[in-house]
Amino acid sequence: MFKNLEYLMGKIDNRIVEISNKVKNQLNKSVDIYRSSNKELAKAHIIKNKNIIEELEDLEYYIIKVLCLYRPVSKDLRKLIVALKFVNLLDNINENTIKILNLLINSEFNFNREISYFKDMNHYINVMFNLAIKGYIKEDIGVVNELYNIHKKVEKIYYQDFQRYIARKIFENTLNIALANELTNVGKYLERCENGINSFRKDIYFLITGKKFLLGEYYA
């Protein structure tokens with residue numbers, strides 16, 4: 001017996017919120033572990049990530065199944081399309097989380113990794129995560145601009161403050177180049193996480209309005 005489409009979409013929304021929080025928590029732990037330089041903890045944390053990968057795959061299959069069985073139109077169709085994109089976003093963030101841990105595991109350097117820039121970037125990613133969930137679940141159009149404003153703060157940290165820090169490290173000692181490369185990759189993976197969430201604001205706009213993202217009305 002087929003269940004009501006509204007019921008199934010509510011179930012999908014609940015699963016997205018649940019898995020989003022898991023992915024967010026995994027990212028937080030990964031940043032903390034990297035900053036602690038604890039390789040054994042990093043290895044254990046990667047194993048835990050496998051469960052999230054399976055959950056994301058199951059949710060993606062479930063959404064596609066609902067699309068095929070119910071053939072929704074209009075708003076319902078947009079909702080399910082955006083839900084699939086959200087799952088893809090979560091998968092990409094989870095992948096970058098694992099990459100951060102692998103950088104630590106494979107690192108040949110012994111140094112203080114308690115870089116404040118990583119902590120600051122991760123803080124803003126958490127804020128953006130919460131806004132993205134709010135925009136998707138509550139269909140809040142105001143989230144579109146809020147995400148962009150925070151995105152600019154993260155971009156400043158990564159492309160200005162953090163890059164100056166890296167340049168100073170290399171200037172102090174050219175032997176720091178390899179070390180700087182590791183740090184740059186960590187920053188890059190965090191930047192990819194926030195950039196993916198920032199791009200999702202276009203999907204939120206599409207979900208709510210049914211229109212393509214308008215550069216003249218909202219930030220680029």
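The bend at a residue is defined as the angle between axes fitted to the seven residues ending there and the seven starting there. By this definition, helix α5 bends by about 30° at Phe-162; helices are DSSP runs (H or I, at least four residues) numbered from the N terminus. The model is predicted, so that local features require pLDDT of at least 70 and side-chain atom pairs pLDDT 80 or more, whereas totals for chains, interfaces and linings use all residues. Residues are numbered from 1 along each chain as its sequence is written, and side-chain values use heavy atoms, without hydrogens and water.

Helix α5 comprises residues 143-172. Its first and last C-alpha atoms lie 42 Å apart, close to the 44 Å expected at 1.5 Å a residue, the expected span being 1.5 Å times one less than the number of residues.

Within α5, Tyr-158 and Phe-162 are four residues apart, about one turn of the helix. Their ring centres are 5.8 Å apart and their planes at 20°, so the pair is stacked (rings of Phe, Tyr and Trp, the last by its six-membered ring, pair with centres within 6.5 Å; planes under 30 degrees apart are stacked, over 60 edge-to-face, the rest tilted). Phe-162 has 0% relative accessibility and therefore counts as buried (under 20% relative accessible area; exposed is over 50%, partly exposed in between; 1.4 Å probe, protein chains only). Ring pairs join Tyr-158 and Phe-162 into a cluster with Tyr-34, Tyr-117, Phe-118, Tyr-159 and Tyr-165.

A further pair, Phe-86 in α3 and Phe-200 in α6, links positions 114 residues apart, and both residues are buried.

Notes. Helix = DSSP H or I, 4+ residues; strand = E, 2+ residues; numbered from the N terminus.
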